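Dear colleague,

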Amino acid sequence: MEGKTAIVAGGSRDIGRAVSLALAEAGARVVVNYFNNAAAGQETVDSIRQAGGTAIAVAGDMTRRKDVEKLVAETRRAFGESIDVLVNVVGGMVARKALPEMDEEFLEHVLRLNVTSTFLTTQCVIPHMTEGGSIVNLASQAGRDGGGPGAAAYSTSKGAVMSLTRAMAKELGPSGIRVNCVCPGMIDTTFHDTFTKDAVRANVAAGTPLRREGESREVADLVAYLASSRASFITGASFDINGGAYFS
């Protein structure tokens with residue numbers, strides 16, 4: 001990816017940080033987007049630079065068009081007009097809520113965080129992406145199997161990300177732009193530190209054929225492959241990475 005410019009929306013921690021590092025290791029100039037944790041964004045950039053890579057950090061809420069437009073403008077100002085890679089990591093569960101506990105506002109918030117952010121970043125980037133460009137969206141195993149207790153809103157939104165990926169692939173394919181999706185299962189991140197009990201994590205890990213949780217770098221390696229020209233005939237696909245916990 002020498003000479004390529006990559007934006008990682010939500011690239012400051014966990015899977016996003018690992019993706020930022022992996023793309024930089026492959027030679028890309030990386031724009032690390034973060035929302036409200038400037039220290040985490042700068043730490044990711046510093047790690048890239050210490051390894052000899054090139055990166056900048058740009059703050060912004062990817063559910064707001066003006067922030068996305070600012071991210072694109074700062075990317076082009078720093079690295080030139082063309083944007084070659086976009087990775088949409090932004091998203092989250094917000095909270096576990098059973099159906100009777102959810103209201104419309106909560107559902108809309110989760111959908112906006114996971115689906116609208118992906119739509120907005122893609123819509124704002126594609127005018128500056130040329131033939132050979134690649135977009136990788138982050139969904140979840142929950143989008144395949146409905147998720148665990150209280151994950152109805154989250155799993156619905158991640159299923160929508162997979163459908164949006166397929167639609168984008170069809171629409172952008174004639175322009176030479178590929179769009180793919182990665183669906184992580186149980187990965188050792190702060191997401192599960194927050195939303196999954198230790199006993200549940202242990203049971204899930206023990207129930208997978210590989211008998212463990214995944215690591216952020218393992219997800220990042222898959223993302224980096226899909227973003228690269230080595231995956232030049234792959235588009236519209238959603239890839240499971242879950243240690244065998246779920247087969248689709």
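This is a predicted model: local features need pLDDT of at least 70, side-chain atom pairs count only at pLDDT 80 or more; totals for chains, interfaces and linings use all residues.

Residues are numbered from 1 along each chain as its sequence is written, and side-chain values use heavy atoms, with hydrogens and water left out.

Helices are DSSP runs of H or I with at least four residues, numbered from the N terminus, and their axes are lines fitted to C-alpha atoms over the stretch in contact, with angles running from 0 to 180 degrees between N-to-C directions.

Helix H1 (residues 14-25) and helix H9 (residues 216-227) have axes that come within 8 Å and cross at roughly 50°, which makes H1 oblique to H9 (angles under 35 degrees count as roughly parallel, over 145 as roughly antiparallel, 65 to 115 as roughly perpendicular and the rest as oblique). On the H1 side the contact (heavy atoms within 4.5 Å) includes Ile 15, Ala 18 and Val 19, and on the H9 side it includes Val 219, Ala 220 and Val 223. By class, this contact of H1 with H9 has ten nonpolar, one polar and three charged residues (Ala, Val, Leu, Ile, Met, Phe, Trp, Tyr, Cys and Pro count as nonpolar, Asp, Glu, Lys and Arg as charged, and the others, Gly among them, as polar).

H1 also packs against helix H2 (residues 38-50), where the axes come within 10 Å and cross at roughly 25°, and the two are therefore roughly parallel to each other. Here Arg 17, Ser 20, Leu 21 and Ala 24 of H1 meet Ala 40, Glu 43, Thr 44, Ser 47 and Ile 48 of H2, a set that divides into four nonpolar, three polar and two charged residues.

Helix H4 (residues 104-125) and helix H6 (residues 152-172) pack at an angle of about 20°, with their axes 9 Å apart, and that makes H4 roughly parallel to H6. Among the residues that meet are Phe 106, Leu 107 and Val 110 in H4 and Ala 153, Tyr 154 and Lys 158 in H6, and the contact as a whole has twelve nonpolar, four polar and one charged.

With kind regards
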